[in-house]
Amino acid sequence: MPELPEVETICRGLRPRLTGRKLESVQILERRLRIAVDARLAPAIEGRRITGVGRRAKFILLFLDSNTTWIFHLGMSGKLVHVDPATPRQKHDHIIATLDSGYQLRYHDPRRFGLSVLAASDAIAELPQLARLGPDPFDPRFDGAYLYNACRKSERRVRDLLLDQRVIAGIGNIYANEILCRAGVRPATRSRRLSRDQVERIARQTIEVLREAIRWCGTSVSDYRDADDRRGEFQDHLRVYDREGETCRFCPSRIKRVSLGNRSAYYCPACQR
DNA sequence: CGGTGGACCTGCTGGC
DNA sequence: TGCCAGCAGGTCCACC
């Protein structure tokens, strides 16, 4: 589900509601996530105060006042919402934290592909899940020259290269397809064969599309919701993703869908060459 | 090392 | 109406 713009939107919603709040109690209702939730997680953070909310790629970081950071990844179907405790509990609510504001933070994840772990705040980057991430798209290290170098070293299709979190961190299948559409490049193109000019366009559009999607509070094609359980609006601006058979917004062609590996790729056969 | 395909889960949709 | 196949926004691991 959530790619960088969705996770950023959630963080922006949580920040003013969580910063400065104390975790009165933490209940783990289901430990079987992608990585089993440590039984010692709740006692380790109960009574601690949240000093800030951050994001790295698709990871949500809740900084606590004990040199501890509480880290979430939402996988495909995760939500992290700030709700009134009277809100009926949902099936697949796996973690519930009650704050000294009286509100609750609830982690909900039907497919359980997400994770929730603790790390020492001064050693977050060493966590196995974070250690191998490449730069975020907004990191000054990410630019056309960086991406061109990565493209030349790989035999993969460019859609798959954009999904590789070690190359760029934060892009998922929706935005990989949208970026390539705007850059005028077909998703199945081998990254090695791209011209410098094409790669420059991809790098520029990466930043542009993600910025725009954040402005629209993310994409809700089905179940993505922000920290207040509201939908995003970028689905109304998608040019190719999930639009198989529909008319291109810029020419009379119909959007095509192909399977690359096990995942769908979408493109306009006329606008993308 | 690099690339690919399947596994991990639940839920929804569309075709018959 | 019911059933089943196929698909879903992510990552990881075994295998070549």
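In what follows, a residue is called buried under 20% relative accessible area, exposed over 50% and partly exposed in between, using a 1.4 Å probe and protein chains only. By that definition Cys 217, with a relative accessible area of 35%, is partly exposed.

Good morning, colleagues. The structure is a predicted model, in which local features need pLDDT of at least 70 and side-chain atom pairs count only at pLDDT 80 or more, while totals for chains, interfaces and linings use all residues. Residues are numbered from 1 along each chain as its sequence is written, chains are lettered from A and ligands numbered from 1 in the order in which they are written, and side-chain values use heavy atoms, with hydrogens and water left out.

Let me remain with the cysteines for a moment. A disulfide here is a pair of cysteine sulfur atoms within 2.5 Å, and the structure holds zero of them. For Cys 217, the closest cysteine sulfur belongs to Cys 11 and lies 13 Å away, too far for a bond. For Cys 271, the closest one is in Cys 268, at 3.6 Å, which is also too far for a bond. Cys 271 is partly exposed, at 33% relative accessibility.

I turn now to the helices. Helices (H or I, at least four residues) and strands (E, at least two) are DSSP runs, numbered from the N terminus. Contact, throughout, means heavy atoms within 4.5 Å.

Which helix is largely enclosed by the rest of the structure? This is α6, because eleven of its eleven residues are buried. Among them are Asn 173, Tyr 175, Glu 178 and Arg 182. The buried residues of α6 pack against α1 (4-18), α5 (158-163), α7 and the strand β10 (263-267).

Axes are lines fitted to C-alpha atoms, for helices over the stretch in contact, and angles run from 0 to 180 degrees between N-to-C directions. Angles under 35 degrees count as roughly parallel, over 145 as roughly antiparallel, 65 to 115 as roughly perpendicular and the rest as oblique. A crossing is right-handed if the near helix is turned clockwise from the far one by less than a right angle, and left-handed if anticlockwise. For residue classes, Ala, Val, Leu, Ile, Met, Phe, Trp, Tyr, Cys and Pro count as nonpolar, Asp, Glu, Lys and Arg as charged, and the others, Gly among them, as polar.

The crossing of α6 past α7 is right-handed. On the α6 side the contact includes Tyr 175, Ile 179 and Ala 183, and on the α7 side it includes Ile 202, Val 209 and Leu 210. By class, this contact of α6 with α7 has eight nonpolar, two polar and four charged residues.

Gly 144, Ala 145, Leu 147, Tyr 148 and Cys 151 of α4 meet Arg 196, Val 199, Glu 200, Ile 202 and Ala 203 of α7. The contact of α4 with α7 comprises seven nonpolar, one polar and two charged residues.

Finally, the axes of α1 and α7 come within 9 Å and cross at roughly 40°. That angle makes α1 oblique to α7. Leu 4, Pro 5, Glu 8, Thr 9 and Arg 12 of α1 touch Leu 210, Ala 213 and Ile 214 of α7. Five nonpolar, one polar and two charged residues form the contact of α1 with α7.

Between α6 and α7 there is a loop that holds Val 185. Is Val 185 buried or exposed? At 0% relative accessibility, Val 185 is buried. Beyond its neighbours within four places in sequence, Val 185 is in contact with residues including Val 158, Leu 180, Ile 202 and Arg 273. Just after α6, Gly 184 takes a positive phi of about 75°.

Most residues other than glycine have a negative phi. Asn 67, in the loop between β3 (59-64) and β4 (68-73), has a positive phi of about 55°. Asn 67 is partly exposed, at 39%. His 92, in the loop between β5 (79-83) and β6 (93-99), has a positive phi near 75°. His 92 is likewise partly exposed, with 29% relative accessibility.
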